[in-house]
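Me: I am new to this structure. Please take me through it in short steps.

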Amino acid sequence: MYKEKYINLINAWGEDEEAVDFIQSTVSAFPGYVAAVYEMETKLPYLSRHVKGEEYKERYSALDQERSRRHEAAISGVKTLNRLAEQVGVEPLFSGDLGDRLQVAAFCIAMVDEIFQKRVGVPQNEE
């Protein structure tokens, strides 16, 4: 569903190479956000057991700031891509509430997962 919407958006802007490059760089914010959450969640168990005091606060804060920065970039990217879709009359990638950070986060995860699962040349599970 998301990959199809993305392809429709790319195809709609296909004659404008600059716009296509911009769209492609904008969607890269989604896996960046997912990666930041993953990094934070995989580092916190160690930090909480083995790092104490001010060092823990600093390391936690750095991870949280990076996650937050990437979340903001993803939210901005979703808004921008939806505007670009509207300009060319194609269905937006995201149809939820842009003001709901959790919905945007869930969208980013779902889109990254779908792109990963539907890679070209990778056999699909037909269950």
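**A first look at the chain**

Buried residues make up 31% of the 127 residues in the chain; buried means under 20% relative accessible area, exposed over 50%, and partly exposed in between (1.4 Å probe, protein chains only). This is a predicted model: local features need pLDDT of at least 70, side-chain atom pairs count only at pLDDT 80 or more, and totals for chains, interfaces and linings use all residues. Residues are numbered from 1 along each chain as its sequence is written, and side-chain values use heavy atoms, with hydrogens and water left out.

Me: Which pattern does the chain follow along the sequence?

Reply: Helices (H or I, at least four residues) and strands (E, at least two) are DSSP runs, numbered from the N terminus. The chain has five helices and zero strands. Read in order, the pattern is α-α-α-α-α.

Me: What is the radius of gyration of the chain?

Reply: The C-alpha trace spans about 55 × 35 × 25 Å along its principal axes. The radius of gyration is taken over C-alpha atoms, and the globule rule is 2.2 Å times the number of residues to the power 0.38. For a compact globule of 127 residues the radius would be near 14 Å, but the chain has 17 Å.

Me: What share of the contacts with a separation of 6 or more joins residues 24 or more positions apart?

Reply: Contact means heavy atoms within 4.5 Å. Among contacts in the chain with a separation of 6 or more, residues 24 or more positions apart account for 64%.

Me: Is L81 buried or exposed?

Reply: L81 sits in helix α4, residues 53–88. Leaving aside neighbours within four places in sequence, L81 is in contact with L9, I23, T26, V27, F30 and L93. The relative accessible area of L81 is 1%, so L81 is buried.

Me: How far apart are R49 and E39 in space, C-alpha to C-alpha?

Reply: R49 also has its place in helix α3. With a relative accessible area of 66%, R49 is exposed. R49 and E39 are ten residues apart in sequence, and their C-alpha distance is 16 Å.

Me: How many salt bridges does a search of the whole structure find?

Reply: A salt bridge is a side-chain nitrogen of Lys or Arg within 4 Å of a carboxyl oxygen of Asp or Glu. One network of salt bridges links E66, R69 and R70. The search of the whole structure gives a total of eight.

Me: Why does the salt bridge of E91 with K5 tie together parts apart in sequence?

Reply: The closest N and O atoms of E91 and K5 are 3.5 Å apart. E91 lies in the loop between α4 and α5 (101–117) and K5 in helix α1 (residues 2–12), so the pair ties together parts that are 86 residues apart in sequence. E91 is exposed at 54% relative accessible area, whereas K5 is buried at 8%.

Me: In which helix do K43 and E39 both lie?

Reply: The side chains of K43 and E39 meet in a salt bridge at 2.7 Å, N to O. K43 is partly exposed at 38% relative accessible area, and E39 is partly exposed at 34%. The two residues are four apart, about one turn of the helix, and both lie in helix α3 (residues 29–50).

Me: Which residue meets R101 in a salt bridge?

Reply: R101 counts as partly exposed at 32% relative accessibility. The N to O distance in the salt bridge is 2.3 Å, and the partner of R101 is E72. This pair links distant parts of the chain, 29 residues apart: R101 in helix α5 and, in helix α4, E72.
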